[in-house]
Amino acid sequence: MKNKIARILSDTIRDCISRGLLPEINLPGGIEVEVPGNPEHGDYASNIAMISAAQVKQNPRKIAAVIEANLVDPGNILEKTQIAGPGFINFYIKNSVWQNTLQIIQEKNEEYGRLDIGGAQKVQVEFVSANPTGPLHIGHARGAVVGDVVANLLKNAGYAVDKEYYINDAGNQMNNLGKSVLYRYRELFGEKIEFPENCYRGDYIKDIAGDIMKKEGNKYLISDEEATIRYFTGVAGGVILEGIKDDLRDFGVFFDNYFSERELYKDDGVAELLDSLQKQGFIYSDGETLWFKTTMYNDEKDRVVVRKNGDPTYFAADIAYHKNKYARGYKMIVDIWGADHHGYMPRLWSGIQALGQDKSSLKIILVQLVNLLRAGEPVAMSTRSGEFVTLREVLDEVGKDAARYNFLMRRSDSHLDFDLEVAKKQSNENPVYYVQYAHARICSILKMAEERGIALPEYKDIDPALLREQEEINLMKMMAKYPEMIEGAARTLEPHRITFYLNELAGIFHSYYNKNKVISENEKLTAARLFLLRTVLIVFRNALNILGVGAPEKM
RNA sequence: GCGCCCAUGGCUCAGCUGGAUAGAGCGCCAGACUACGAAUCUGGAUGUCGCAAGUUCGAAUCUUGCUGGGCGCACCA
């Protein structure tokens, strides 16, 4: 609809210029059309006259008047227009236009809101990517949902999206994992162990050690320690990764690919890449270590890629990883990180630019940490001691839908309070139920109609002009806005816009429901309203589907 | 010390990339079921958009400076 108004304006202006009514106007930014905050200012408004006023040095209201008098509206969608304030042109859309969108929604059904701004371009969204040294905790959960929904949004917008989990399984943290298991294993045979600072203490380590003891006995007490650690690392990493996958599955998060960091080192891949970057002058040696000239691309300082001891850094692997991503044909790459990694951004952007890629092709979404509460009181968490609330515990306690919805209610880069007591409360403090309840309520009404022998109407069976209550018009306008909202969310990679939209839509519906009977003696009105509800249902489902939140028929 | 992010009613947050009188939810107060689901609805109070300049027709939004909070500043990942 916004686009239609913009087209009317651009056609009109071109027409006026060619007829000499307006001077030549340049509009590099295109034509802006927006929804005014105040409904008295119409359904849409444009500031075009004010924008061009400065350029052609004329009174904006005068320009607006010329435009308004010569509007080209072939679709005949305008009820009226007005010029207001310093030079706004306000547009009022005919009710019949909103009523017609019902037909579009019904016809498109689950396609309603689907876009093709992506042009089937290959996009990769990489997220979670926790190294498999322990179960996912609440902090990972937010990133998991944001990544999942961003991927859904892009898919819905017409991109060819793959979701990937990068397994950091090559660093010495994994080695510490193997060591931790070994120490617990020895403890099981009665040895007293001073547990080192950098080892993992969670109970899951003991379980893994216990399993190894049960299956393979005591043979690792005497074998070569380094080999044993390597072996235990593999076993533990595998077990933990499987657990992570299980948790993600129950959270509704699925990946197309799990990519192992170790893959990068095969056939000296990392070394060769560093070599070639050195030849191109991006990397230099100071005699002991290799440095990447990230300052070329506005990083604060150059960064080490190969340490004094000869080991490549995480950064070195990450350049190789992103090179690999581009080599797989992805035109746009979305990385989702914890906000505490923000300092790493200039480094990675330097890396991909050295690879010849455009900085804008790598989008990085920072997800702020979650502040976990229980009934308003902070829940103490410490990774070191192994005391943290796991994703599994959250799922068991509050359920998938409430957890996902709560993580999507704020912008990603804003801190989020997650209160376990509130999230599991089935009350008005918990927005997920507000939306789901609206959906269930509609299902219930449609079912009631069927039980009374009223067939669900099709568009051709109804007179949409009967839908003229204020709440009905509001519902139709809101639904007409759905594709625009989705497009905005997809372009900005901001999933929270959907939850805000859903809350508003549910609000309009609940209010409508309380004021008006859908099923009544008036057959024609009943049919029209039932049809309206069918379309509302479609919008709820499509939006909830993108969020990965259930749309229950009863609660 | 340097860099990034944040600051909007009592609380938690939106604000569509510069628009018109700044909005929701929670909490608080007062009301609405013999009516399609009261997990709902209706009405009410609450604001120097952290402070100060600047940019222009117009600023919560952009610039600069300050204040206060978070996070980074590794040859960790």
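Guide: Strand S4 (88-93), helix H16 (431-451) and helix H18 (496-515) each supply at least two residues of the surface near RNA strand B, where helices (H or I, at least four residues) and strands (E, at least two) are DSSP runs numbered from the N terminus, and a residue is near a molecule or strand if one of its heavy atoms lies within 4 Å of it. This is a predicted model, in which local features need pLDDT of at least 70 and side-chain atom pairs count only at pLDDT 80 or more, while totals for chains, interfaces and linings use all residues. Residues are numbered from 1 along each chain as its sequence is written, chains are lettered from A and ligands numbered from 1 in the order in which they are written, and side-chain values use heavy atoms, with hydrogens and water left out.

The largest contribution to this surface comes from H16, with eight residues. Around RNA strand B there are 59 residues, of which Arg307, Arg410, Tyr434, Tyr437 and Asn516 come nearest. The residues of the surface divide into 20 nonpolar, 23 polar and 16 charged, with Ala, Val, Leu, Ile, Met, Phe, Trp, Tyr, Cys and Pro counted as nonpolar, Asp, Glu, Lys and Arg as charged, and the others, Gly among them, as polar.

Several polar contacts, pairs of N or O atoms within 3.5 Å, can be followed individually. Arginine 410 places a polar side-chain atom 2.4 Å from a sugar or linking oxygen of RNA strand B, and for lysine 517 the corresponding distance to a sugar or linking oxygen is 2.6 Å. Histidine 342, by contrast, has a side-chain N or O atom 2.9 Å from a base oxygen of RNA strand B.

Returning to S4, five of its six residues are buried, that is, under 20% relative accessible area, with exposed meaning over 50% and partly exposed in between (1.4 Å probe, protein chains only). Strand S3 (residues 78-84) runs antiparallel to S4 and is joined to it by six bridges, two strands being paired if DSSP finds at least two bridges between them. Within that pairing, isoleucine 83 has isoleucine 89 of S4 as its bridge partner. The hairpin of S3 and S4 has three residues between the strands, and there glycine 85 takes a positive phi near 55°. Strand S2 (residues 44-46) is also antiparallel to S4, with three bridges between them, and tyrosine 44 stands opposite phenylalanine 91 in S4. In a regular strand the side chains alternate between the two faces of the sheet.

As for the chain that carries this surface, chain A has 19 helices and 15 strands, and its C-alpha atoms fill a box of roughly 90 × 65 × 40 Å, taken along the principal axes. Buried residues make up 50% of the 555 residues in chain A. Among contacts in chain A (heavy atoms within 4.5 Å) between residues at least 6 apart in sequence, 73% join residues at least 24 apart.

Notes: A polar contact is a pair of N or O atoms within 3.5 Å; within protein, one must be able to donate a hydrogen and the other to accept it, and residues adjacent in sequence count only if both atoms are side-chain atoms.
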